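Colleague: I am new to this structure. Could we go through it together, beginning with the ligand?

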Amino acid sequence: MVTKTDTINSTEMVLRTENLNIFYGNFLAVQNIWMDIAKNQVTAFIGPSGCGKSTLLRCYNRLNDLIDSFRAEGKVYFYDKNLYAPDIDPVEVRRRIGMVFQRPNPFPKSIRDNIAFGAKINGYRGNIDELVETSLRQAALWDEVKDKLNQSGLSLSGGQQQRLCIARAVAVQPEVILMDEPCSALDPISTLRVEELIHELKEKYTIVIVTHNMQQAARVSDQTAFFNVKTSEKGGRTGYLVEYAPTELIFNDPQQEDTKAYISGRFG
Ligand SMILES: Nc1ncnc2c1ncn2[C@@H]1O[C@H](COP(=O)(O)OP(=O)(O)OP(=O)(O)O)[C@@H](O)[C@H]1O
C-alpha cells in the first residue's frame, strides 16, 4: 500500500508554502497553507468554487502581484529561495515557473513566433528553428503544424491552441508548469490529448494543475490537494487545505469526512 509519508518524503520538493495566508484587501481568501510540491510529479488542486485554488496557484509564480489588492503573509519557497523576498525578480520567477491558462491564449502571431517571441525576450541565443521544433514536439503538436509554421496561432483548433500555449511555456525552459483548468474550454478528445501530454511532460517538469474535473485529477495526478471553504469570523468565505496525499489515497481512502463527501459528489 502507498502511504502519504512514503510517496511524498522520498521525492525532492520544488515548491513549499509555510503558513501562507493570501488576502485581497482585507478579505482573507486562503488561510494557513502548509504544503510541499514534489519534483517531476503532477499535483492536482481540487475543491469547490471559491476555495482559492487559482489564487494559491498564482502565488507560485507571483502572478497575483499584478492584482493591486493582493497581499501574501507567510512564505513561498522555490527550492530554498523565498519567492517573496525583496531581491527576487518576479519576471525571472515567471520564466522558471510557467503558466498555462484556462482559455488558450496564443499571441496573434505565427505559430513559429508564438514559440520564438518569449524565448528571444528571455535572451535565448540558440538556434530558433530547433527550439521551435523541440518545443512543438514536446507539446505533441509538431506533426500537425510543421507545414504551416507561418500561419497564425489563432488559426488552430482550440485543443491545438492549448498545446501551442504549452509549447510556448516549455520553450523558455521552465522547471515548473502551473496549469489553471487547462482543459475546461476543450472538447473530450482534445482534453485526452492534453492529459496524455501532461503525463509525458512530468518527466522533465514539475506540474501543478487546478481542475474542476475529479476524474481528470484521478487520471493525471500523482498527488492531490483537496481544498474547502469556510465562513470566517469576519463573514468572508476563506479557503483552506483539507487533505493532501497521493491521488490514489485521496480517491480510494480519504481520511477526512469533507474529502469523502466531495469526491463522492455530495457537495461542490
Ligand atoms: N482579483 C481578485 N480580487 C478580489 N477577490 C478575488 C480576486 N480573485 C479571486 N478573488 C476571491 O478569492 C476567492 C478565491 O478565488 P479563486 O478564484 O482563487 O478560487 P477557485 O477555487 O480557483 O475558484 P473557481 O473554482 O471558481 O475558479 C474567491 O472568494 C474570489 O472571489
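This is a predicted model: local features need pLDDT of at least 70, side-chain atom pairs count only at pLDDT 80 or more; totals for chains, interfaces and linings use all residues.

Colleague: Which residues are closest to the ligand, and how many surround it?
Modeller: The ligand is surrounded by 15 residues, and the closest are S49, K53, S54, T55 and H212. Residues are numbered from 1 along each chain as its sequence is written, and side-chain values use heavy atoms, with hydrogens and water left out.

Colleague: What lies 2.7 Å from an oxygen atom of the ligand?
Modeller: That is a polar side-chain atom of H212. The backbone takes part as well: a polar backbone atom of G52 is 2.9 Å from a ligand oxygen, and a backbone N or O atom of C51 is 3.2 Å from one. A polar contact here is a pair of N or O atoms within 3.5 Å.

Colleague: And how much of the ligand does the protein bury?
Modeller: The protein buries 65% of the 640 Å² that the ligand exposes when taken alone. Such areas come from the Shrake-Rupley method with a 1.4 Å probe.

Colleague: Which element gives the most to the shell?
Modeller: Helix α2 does, with four residues. Both α2 (53-59) and β2 (27-38) supply at least two residues each. Helices (H or I, at least four residues) and strands (E, at least two) are DSSP runs, numbered from the N terminus.

Colleague: Changing topic, at what angle do α4 and α5 pack?
Modeller: Helix α4 (residues 111-121) and helix α5 (residues 128-138) pack at about 110°, with their axes 9 Å apart. Axes are lines fitted to C-alpha atoms over the stretch in contact, and angles run from 0 to 180 degrees between N-to-C directions. The two helices α4 and α5 are therefore roughly perpendicular (65 to 115 degrees).

Colleague: How do α4 and α7 cross?
Modeller: The axes of α4 and α7 (residues 158-171) cross at roughly 30° and come within 8 Å. Helices α4 and α7 are therefore roughly parallel (under 35 degrees).

Colleague: What about α5 and α7?
Modeller: Their axes come within 8 Å and cross at roughly 125°.

Technical notes. A residue is near a molecule or strand if one of its heavy atoms lies within 4 Å of it. A polar contact is a pair of N or O atoms within 3.5 Å; within protein, one must be able to donate a hydrogen and the other to accept it, and residues adjacent in sequence count only if both atoms are side-chain atoms. Angles under 35 degrees count as roughly parallel, over 145 as roughly antiparallel, 65 to 115 as roughly perpendicular and the rest as oblique.
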